[in-house]
Amino acid sequence: VIRCKAAVAWAMGKPLSVEEVEVAPPKAGEVRVKMVATGICRTDENLRQGLFPNIDFPVIPGHEGAGLVESIGEGVTSVKPGDKVLLLCVPQCGKCIFCLNPESNFCLKAHFHESQCVLPDKTTRFTCKGKQIHHFMWVSTFAEYTVVPDYAVAKIDAAAPLDKVCLLACGFSTGYGAAINTAKVKPGSTCAVFGLGGVGLSVVMGCKAAGASRIIAVDINKDKFAKAKELGATDCISPQDFKKPIHEVLIEMTGYGADYTFEAVGKQETLAAAMTSCNVSTGTCIMVGVQKAGSLLSIDPMLLLSGRAWKGSMLGGWKMRDSASKLVSSYLEKKFNLDVLITHTLPFPKVNEGLELLRAGK
């Protein structure tokens, strides 16, 4: 058993509490990882606020992490102690109907089908003050050590800087892949991106890499515009600057609507606007942001009749056990720039300050 620090969410809506926890050794098919770096993602804040489905408190959040394998359980052959790894918030068991389908990156062991608040044997590896502490998406990266199933971890290049490539575990891969894999943006096309957080900015990078000729970035926070333009946005607009609905503005700017729209906010109204903003016949709207659990969206079905498509994208369509090492190699080869997404680097005890910066749009 290892004693270390972890940020525990004891109850919904409360600040995280940095506590000493005990982390049990890995059982068969499990890996214990020494965390080196973790990103802070909106999903962690949604978890704290109780907006994420099927979460049991107390829980250790965090799902965008990189670290070093500390020890392995019986039967684990994909990694060994000392390996640098990314933790995978969408697992890849390699055996289910979706893992075996080359067009899917969903896995039947993912959170929607199987609770990841406990490990597959229905127990946890975390205890604190004599209480069992739950896992989040099997990874719980807001801990100095964590235990994960071996299909939720991927070995990466030993040269990778873990404080940068941790963003590949969720934010960057989600946005970049939404453009490259899910939308399959065509050269010369017009794209509109709603929301310019880390995920939305990564969508912008993906659209540019795919050869889009026009990328319209949409956000109410104009502080995001300079970075969006640096990464490839050709236009930046705020809905607050117009008296008419933003979808009407975008249709006027593009003629018939954008070829591809991406919603990276996680709000019903922006998803509806993204849907309505894409080309009436051949446009595709990609849902990237995570909506509040149980929320419902009302749309006019006639929006789809003329040919519009509406698609979801989870973790950018990457099968991450297969793709993590390739994404890291692409970063090391400077095919994309992760560093520009990092605004602050904080010591672990200041995790609540990090969440406050997130809430403030910084």
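How many nonpolar, polar and charged residues does the lining of the second largest pocket have? In this predicted model, the lining has 4 nonpolar, 8 polar and 4 charged residues. The pocket has a volume of about 360 Å³.

In total, 16 residues line the second largest pocket. Nearest its centre lie E103, N105, N181, T182 and G317. Two elements, helix α3 (171-183) and strand β15 (309-312), each supply at least two residues of this lining. The second largest pocket lies between domain 1 (2-171 + 317-360) and domain 2 (183-312), because both domains give residues to its lining.

Two annotated regions were also examined. The UniProt record, in an unreviewed entry, lists residues 28-157 as "domain: Alcohol dehydrogenase-like N-terminal". Over this span the chain is 6% helix and 27% strand, and the C-alpha atoms at its ends are 25 Å apart. For residues 198-327, the unreviewed UniProt entry gives "domain: Alcohol dehydrogenase-like C-terminal". Residues 198-327 are 38% helix and 15% strand, with end C-alpha atoms that lie 17 Å apart.

Strand pairing was considered next. Strands of a sheet pair through backbone hydrogen bonds, in either a parallel or an antiparallel arrangement. Strand β3 (residues 30-38) pairs with strand β8 (residues 145-149) in the antiparallel sense, over 5 bridges. Within this pairing, V31 of the chain stands opposite V148 in β8. Strand β3 is also joined to strand β4 (residues 65-72), by 7 bridges, and these two strands run antiparallel. Here M35 stands opposite G67 in β4.

An open sheet is formed by 4 strands in the order β1-β2-β6-β7, with antiparallel pairing. Its edge strands are β1 (2-8) and β7 (131-133), each of which pairs on one side only. From one strand to the next, the twist averages 45 degrees. One of the residues involved is C128, whose bridge partner in β7 is K131.

Technical notes
Residues are numbered from 1 along each chain as its sequence is written. This is a predicted model: local features need pLDDT of at least 70, side-chain atom pairs count only at pLDDT 80 or more; totals for chains, interfaces and linings use all residues. Side-chain values use heavy atoms; hydrogens and water are left out. On a 1 Å grid over the protein atoms alone, a cavity is a set of points where a 1.4 Å probe fits but cannot get out, and a pocket is an open set with protein on both sides within 12 Å along at least five of seven lines; lining residues have an atom within 4 Å of a point. Grid points are joined across faces, edges and corners, and a volume is the space filled by probe spheres set on the points. Ala, Val, Leu, Ile, Met, Phe, Trp, Tyr, Cys and Pro count as nonpolar, Asp, Glu, Lys and Arg as charged, and the others, Gly among them, as polar. Domain bounds come from an automatic or database domain assignment. Two strands pair if DSSP finds at least two bridges between them. Axes are lines fitted to C-alpha atoms, for helices over the stretch in contact, and angles run from 0 to 180 degrees between N-to-C directions. UniProt positions are given in the numbering used here, feature names are shortened, and annotations may be inferred rather than shown by experiment.
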